[in-house]
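Let's walk through this one together, starting with the overall fold and ending at the metal site. Have the viewer open as you read.

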Amino acid sequence: MEPWAEQQTMTAQLSILHMADVHLDRAFVGLSPEDARVRRRELRDALQRCLTLAGKHQVQAITIGGDLWEDEHVTPDTCRWVASQLGDAEVPVVLVAGNHDPLRPGGPYQRVDWPDNVTLLPAGPELHRKDIGELSIWGMSWGQVPLTAEVLDRFHVPLDGRVHLLLLHGTLSGAAFDDAAYCRFTAQAVREAGFAGCLAGHLHAGGVREEIVVYPGSPEPLAWDETDRHAVALVRLVAGVELEVDLIDVNQRRCALAYVECDGAGSSADVARELQRAVTNAAAEEGHEGLCLRAVLSGRLQPGCQIDLEDLAAAHSDLAVLELRDETKSAFDLETLAGQSTALGEFIRDLQARIAGEDEGEATRRQLELALDLGLRAMHGDELVNAS
Ligand SMILES: [Mn+2]
């Protein structure tokens with residue numbers, strides 16, 4: 001067999017499990033101490049599920065794209081627990097630190113005896129390299145100063161027939177300037193530097209961007225707006241150059257947001273019915289298991305309609321989380337408003353007089369009533385979309 005053919009065979013078998021943004025020991029501000037503890041335990045479980053997948057798919061390496069834990073909260077035990085888990089993986093593990101777990105003198109990363117199979121790439125701004133078989137993984141950790149990807153503009157991988165991948169914790173963005181971005185980089189810069197792909201962390205929504213930037217996302221959603229995919233990326237190198245990526249969803253929780261329109265509800269039964277509809281829809285879309293739903297109730301309730309959020313939520317105790325936000329408003333108290341010497345009072349008195357004196361027909365009267373309703377809503381700053 002020619003050396004070239006041999007190399008093709010070897011690289012054809014190369015596969016990597018890439019994960020990022022586990023955020024172990026996150027504080028989960030806003031949750032009760034008990035709920036926060038449960039969530040932190042779930043993050044450990046999530047890391048274990050990811051590593052189990054690495055074993056199941058018999059990958060040759062594991063990469064971790066930063067934010068493994070949160071620096072302010074991580075306990076020595078969690079760091080040692082991670083080291084132990086990664087040691088058990090029995091394949092090389094390459095990791096970079098992110099903006100939430102930066103490398104700093106005397107920091108958590110330095111207080112752990114890392115197993116021999118674990119390589120922590122040093123802080124930027126230069127790229128560091130770890131070779132595993134035919135593969136070279138280049139990366140740099142976040143350190144004491146914010147990391148930038150400027151190095152990509154003056155770097156090219158060696159033309160040595162090896163497969164070169166970049167491991168980076170940063171924000172993929174286009175040409176537009178994005179002030180809020182952390183370690184902004186472009187797919188073009190990754191390509192021009194000669195990398196076959198970028199194994200990325202930082203964005204918590206899983207997905208392959210611009211064909212060569214692989215974000216697995218955080219293994220579990222960490223905030224209400226993290227409604228996208230949460231996965232590990234199984235990365236195969238086909239014929240040594242082409243990246244083949246499978247995202248495997250690993251999250252047990254699923255966050256969803258629903259707006260529940262309760263306009264015109266006569267009693268809590270109407271509101272409960274609309275909420276049930278929203279829960280059913282969300283469960284159909286996201287799956288019922290682990291569903292964390294934030295439901296925002298809105299619209300104007302009729303006089304006497306009284307809702308109790310705890311009562312409403314009690315009917316859905318089978319959901320992992322149901323957070324209800326009451327943004328409903330009460331119906332207009334026309335009598336009081338019409339008695340005021342304001343522009344609004346005058347408007348109401350005028351419309352009421354015209355409605356009372358209307359004898360041309362039902363259609364015109366309805367139009368006047370609609371005008372009164374829309375006018376009231378407009379003057380109260382209501383959203384007029386779908387108002388009728
Ligand atoms: Mn993160």
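The chain carries nine helices and 15 strands, counted as DSSP runs (H or I of at least four residues for helices, E of at least two for strands) and numbered from the N terminus. Its radius of gyration is 28 Å, well over the 21 Å that the globule rule gives for 388 residues, so the chain is more spread out than a compact globule. That radius is taken over C-alpha atoms, and the rule is 2.2 Å times the number of residues to the power 0.38. Along the principal axes, the C-alpha atoms fill a box of roughly 100 × 45 × 40 Å.

A word on provenance: this is a predicted model, where local features need pLDDT of at least 70 and side-chain atom pairs count only at pLDDT 80 or more, while totals for chains, interfaces and linings use all residues. Residues are numbered from 1 along each chain as its sequence is written, and side-chain values use heavy atoms, with hydrogens and water left out.

Of the 388 residues, 47% count as buried (under 20% relative accessible area, with a 1.4 Å probe and protein chains only).

Now for the manganese ion. Its protein donors are Asp21 (OD), His23 (NE2), Asp67 (OD) and His204 (NE2), at 2.1 to 2.3 Å; donors here are N, O and S atoms within 2.8 Å of the metal (3.2 Å for Na, K and Ca), and water is not among the atoms, so sites may look incomplete. Along the chain, the donors follow the spacing D-x1-H-x43-D-x136-H. Aspartate 67, in the loop between β2 (61–64) and α3 (76–88), and histidine 204, in the loop between β8 (197–201) and β9 (207–209), link distant parts of the chain, 137 residues apart. Both aspartate 67 and histidine 204 are buried.

Conventions. Buried < 20%, exposed > 50% of the residue type's maximum accessible area, 1.4 Å probe, protein only.
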